[in-house]
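I opened this chain to look up its fold, a few residues and its salt bridges. My entries follow in the order I worked.

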Amino acid sequence: MRKTLEKYYALFSASLQQSMAYRFGFFTSFLGEVVKICVMLAVWMAVYRQRSAIAGFDYPMMVTYLLVSQTVNNVYGFKNDAERLISKRIMDGSIVFDLLRPVRFVNARLAENAGQTILQAVFSALTLLCFKLFLPELAGPASVAYGALFMASMCAGFFIMFSVSAISGLLAFWLMNNWGLRSAKAAIVNFFSGALVPIAMMPGWMQGIMEALPFKNIVYVPTMIYMGQYDYMETFVRIGTQIFWAVAMWLLAKALCGLAIRRVSINGG
């Protein structure tokens, strides 16, 4: 057991070091996300000049929701390389070497992705603190307890996000080129997770659809927990639902990987 964990830790550490080695690419991508947040903030500022509240969100609440939700999205979303690296390995045939290694393919990609995510989390948190200096409307966690529950919720959301990305990448076994699927996945997750607009602002029928899908557990639920919008009982129910989806999506990714490995087909070979 210990030796197995050491193998995955080595992958985690190597991924973290690689992210730090390519600092310029990381920082330029991250800067692009900061600019996007500023643009979205300007749009919502213009919207709230016309009204005091929308679907129960006043301007300070919207500022907090926007910045926290984008921080959560950036932690394990803006440069989530799981699907890109998986599909690349399938396309160039290097997945054969991965399958020969004494580690499980999906587990190894999880360890690598966690290494990238740690660095993203540090810089995302620092960015949020910088925004706090200029935006007094940005509130902290509703309480220390809600802050801890927010972190637990983010961990569950990370597993859901990773599994969705892994499933998208593994579909390259059948599609051979999943660039279009990756783009569609990004758009679907951003919309249905509440990263663009709070789910509470959607029409009732759309909220029903979003509640039935796992994506809201990636961004919307952690952000609402941070803001203390659920009581403690509902918060625990929400986190329990996140854990359910995390396990379900993980098992689906593992099952899809098993099917894919049985029909390994190297492009051009």
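**Ground rules.** I count a contact when heavy atoms lie within 4.5 Å. With that cut-off, I took contacts in the chain between residues at least 6 apart in sequence, and 78% of them join residues at least 24 apart. The model is predicted, so local features need pLDDT of at least 70 and side-chain atom pairs count only at pLDDT 80 or more, while totals for chains, interfaces and linings use all residues. Residues are numbered from 1 along each chain as its sequence is written, and side-chain values use heavy atoms, with hydrogens and water left out.

**Overall fold.** I looked up the secondary structure next. Helices (H or I, at least four residues) and strands (E, at least two) are DSSP runs, numbered from the N terminus. The chain has 12 helices and two strands. Along the sequence I read α-α-β-β-α-α-α-α-α-α-α-α-α-α.

I used accessible areas from the Shrake-Rupley method with a 1.4 Å probe; for residues, only the protein chains shown count as cover. The accessible surface of the chain is about 13,400 Å². Carbon and sulfur atoms hold 69% of that surface. For single residues, buried means under 20% relative accessible area, exposed means over 50%, and partly exposed lies in between (1.4 Å probe, protein chains only). Of the 269 residues in the chain, 47% are buried.

Which residues form a nonpolar patch on the surface? I found Leu31, Val35, Val39 and Val43, with about 360 Å² of accessible area together. The patch rule takes residues with over 30% relative accessible area and no salt bridge; it joins nonpolar side chains (Val, Leu, Ile, Met, Phe, Trp, Tyr) within 5 Å and like charges within 9 Å. Leu31 lies in helix α2, residues 23–48. Leu31 counts as exposed because its relative accessible area is 53%.

**Gly194.** I went to the loop between α9 (179–192) and α10 (204–212), where Gly194 sits. Is Gly194 buried or exposed? Gly194 is at 0% relative accessibility, so it counts as buried. Leaving aside neighbours within four places in sequence, Gly194 contacts Tyr65, Ile199 and Val219. I also checked Gly194 against Ser69: they are 125 residues apart in sequence, yet 7.9 Å apart in space, C-alpha to C-alpha.

**Gln70.** Gln70 belongs to helix α3, residues 59–76. Gln70 is buried, since its relative accessibility is 0%. What does the side chain of Gln70 reach? I found the backbone oxygen of Ala195 at 2.6 Å. That is a polar contact, a pair of N or O atoms within 3.5 Å; within protein, one must be able to donate a hydrogen and the other to accept it, and residues adjacent in sequence count only if both atoms are side-chain atoms. Not counting residues up to four places away in sequence, Gln70 touches Lys36, Ile37, Met40 and Ala195.

**Ala55.** I noted a positive phi, near 50 degrees, at Ala55, a residue other than glycine. Ala55 is in the loop between β1 (53–54) and β2 (57–58). Ala55 is partly exposed, with a relative accessible area of 47%.

**Cysteines.** How many disulfides are there? A disulfide needs a pair of cysteine sulfur atoms within 2.5 Å. By that rule I count zero. I looked up Cys38 and found it partly exposed at 38% relative accessible area. Cys155 is partly exposed too, at 48%.

**Salt bridges.** My cut-off here is a side-chain nitrogen of Lys or Arg within 4 Å of a carboxyl oxygen of Asp or Glu. I found four salt bridges in the whole structure. Which residues are linked in a network of salt bridges? They are Glu211, Lys216, Glu234 and Arg238.

- Lys216 pairs with Glu211, the closest N and O atoms being 4.0 Å apart. Lys216 is buried at 4% relative accessible area.
- Glu211 also pairs with Arg238, with closest N and O atoms 3.4 Å apart. This pair links distant parts of the chain, Glu211 in helix α10 and Arg238 in helix α12 (residues 232–262), 27 residues apart.
- Arg238 meets Glu234 in a salt bridge at 3.4 Å, N to O. Both lie in helix α12, four residues apart, about one turn of the helix.

Arg238 is buried at 16% relative accessible area, whereas Glu211 is partly exposed at 36% and Glu234 is partly exposed at 32%.
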